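Open the model in your viewer and keep the selection tool at hand. The tour goes stop by stop.

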Amino acid sequence: MSSTLLNTADISRAVSRISHEILERNHGAENIALVGIRTRGVTLSQRLKAKIEEIENVMVDHGVLDITLYRDDLAAGIQKPELKKTDISFGLEGKHIILCDDVLFTGRTIRAAIDALMDFGRPSSVQLAVLIDRGHRELPIRPDYVGKNIPTAKSKRVQVLFDEEDGEDKVIIQEQPN
Amino acid sequence: MLLSTKSILSTKELTKLDIQQILDTAESFKEISTRAIKKVPTLRGKTIINLFFEPSTRTRTSFEIAGKRLSADVINISGSTSSTVKGENLIDTARNLEAMNPDILVVRHQCSGAPALLSQFVNSPIINAGDGSHEHPSQALLDLLTIRSHRGDLEGLKVAIVGDISHSRVARSNIKAMQTMGMKVRVVGPPPLIPVGLERLGVEVSHNLIEAIKDVDVVMILRIQLERQNQGLLSSLREYSNYFCLTSEALAKARDDVLIIHPGPVNRGVEIALDVMEGPRSLILNQVTNGVAIRMALFYLLLGENNANPN
């Protein structure tokens, strides 16, 4: 029913490459900050932070965003997801923000995240890093850094598992359980 | 992830899970009030009506700010400016307001049971913001949030509630909610101000302030409600103060880490001494801050799909 798209080594290589791309594009780690979207985006952002700090030997600001309050489907029939804390304890002014999420799909989460971010200040730029881009965008949003592009049928479900939450690192694709 | 009740009329009908969920959600909402831009778009397009038939600064402002920080439209109606002065009755007022499709009604009324009565005639969820000497559930919830953020867990904590228990809707809401959360409640005050038979509800009764606060985690001081003291239950305020005012001498007998809360407004020097009220153990202003977060959580949770206005 489910097949593996990326294994532990694949994920680790993708994180390394994205870290280098972020540094290349922003000419180093100065003025960049990583912001992860709950839940799996936070893990991705923490791994990128660790990698970037290892490469450049500097500290990089890190924040956590819960986009629940900015969703466009809160009243529209789904159960409310549990609201968790947003934690952005640095100023956004003058910063290049790397927004991190595990899977990019319709783009609606990213729209909500950008809105949420703008309520905290005016960053110099917002860039998007995702581990998986599975297509099917419903909004004009594109990623700046991609671990892997995976064309999928809309009915499939792509799931990123991280050691920190799930006990193992892998990306799987499965039929929607109906 | 939804509450077991459509309206918040009393703490009696809230389960332990409901209360936990409200406190957890409120905990997440606290952060919004510390931002430079204190607003999220969550309840954009929702309408909240504050219907207050009794004077209030704290509670009404708190509900209004909570609604506005979630981007809802908040309308305030107070008793003296409503059509009730023209003789319209409460139910007709509420039905007319409902004809304008609000999403939540927040009601404060001098008569016990008024919000519960209204809930039978209107479809919108109702939040009881204080009814007579019956209940004030959002106050109890913000008290629990304040205690929990200082103690981590509510289970097993001991609380002494001091003052006019008979007339206090805050005490009534708190006793039930605290018992639901596994806390032990003791009430303290002169015999005429303590309802008969409270022991049967598992509440300890004491008439000695010093004895009663010795071993507790939290002391909750109630306001002596001057507007309800014309029944001759107290011989004088001064006598009450002599025995039940929380002074620094009395506080010295309590635990070093005791928390002091008071629902406000405070009669300085009557139920609590000035230095205690402004001292390091007092969380009175902290409660007010938490009140906004609790009311945001209630709005957020009540406006869920299953609770949507069926109109």
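Start by selecting B:Lys68. B:Lys68 is partly exposed, at 35% relative accessible area; buried means under 20%, exposed over 50%, and partly exposed in between, with a 1.4 Å probe and protein chains only. B:Lys68 sits in helix α2 of chain B. Helices (H or I, at least four residues) and strands (E, at least two) are DSSP runs, numbered from the N terminus. Show what surrounds the residue: B:Lys68 touches B:Lys39 and B:Val74, leaving out residues up to four places away in sequence. Contact here means heavy atoms within 4.5 Å.

A word on the ground rules. This is a predicted model, in which local features need pLDDT of at least 70 and side-chain atom pairs count only at pLDDT 80 or more, while totals for chains, interfaces and linings use all residues. Residues are numbered from 1 along each chain as its sequence is written, chains are lettered from A and ligands numbered from 1 in the order in which they are written, and side-chain values use heavy atoms, without hydrogens and water.

**Stop two: α2(B) and α11(B)**

Select residues 58-69 and 284-302 of chain B. These are helices α2 and α11; their axes come within 8 Å and cross at roughly 55°. Axes are lines fitted to C-alpha atoms, for helices over the stretch in contact, and angles run from 0 to 180 degrees between N-to-C directions. That makes α2(B) oblique to α11(B). The cut-offs: under 35 degrees is roughly parallel, over 145 roughly antiparallel, 65 to 115 roughly perpendicular, and the rest oblique. Show side chains at the contact, among them B:Phe63 and B:Ile65 of α2(B) and B:Met296 and B:Phe299 of α11(B).

Zoom to B:Phe29. Its contacts include A:Leu69 and A:Leu83 in chain A, and B:Leu70 and B:Met296 in chain B.

**Stop four: B:Ile77**

Is B:Ile77 buried or exposed? B:Ile77 is buried, with a relative accessible area of 18%. Strand β2 of chain B, residues 73-78, holds B:Ile77. Its contacts beyond four places in sequence include B:Ile49, B:Phe52 and B:Leu97.

Select α1 (residues 8-25) and α2 (residues 40-56) of chain A, whose axes come within 9 Å and cross at roughly 60°. α1(A) and α2(A) are therefore oblique to each other. Residues that meet here include A:Ile11 and A:Val15 of α1(A), and A:Leu44 and A:Leu48 of α2(A).

Finish with α1 (residues 16-29) and α5 (residues 137-151) of chain B: their axes come within 10 Å and cross at roughly 70°. That makes α1(B) roughly perpendicular to α5(B). Among the residues that meet are B:Ile19 and B:Leu23 in α1(B), and B:Leu141 and B:Leu145 in α5(B).
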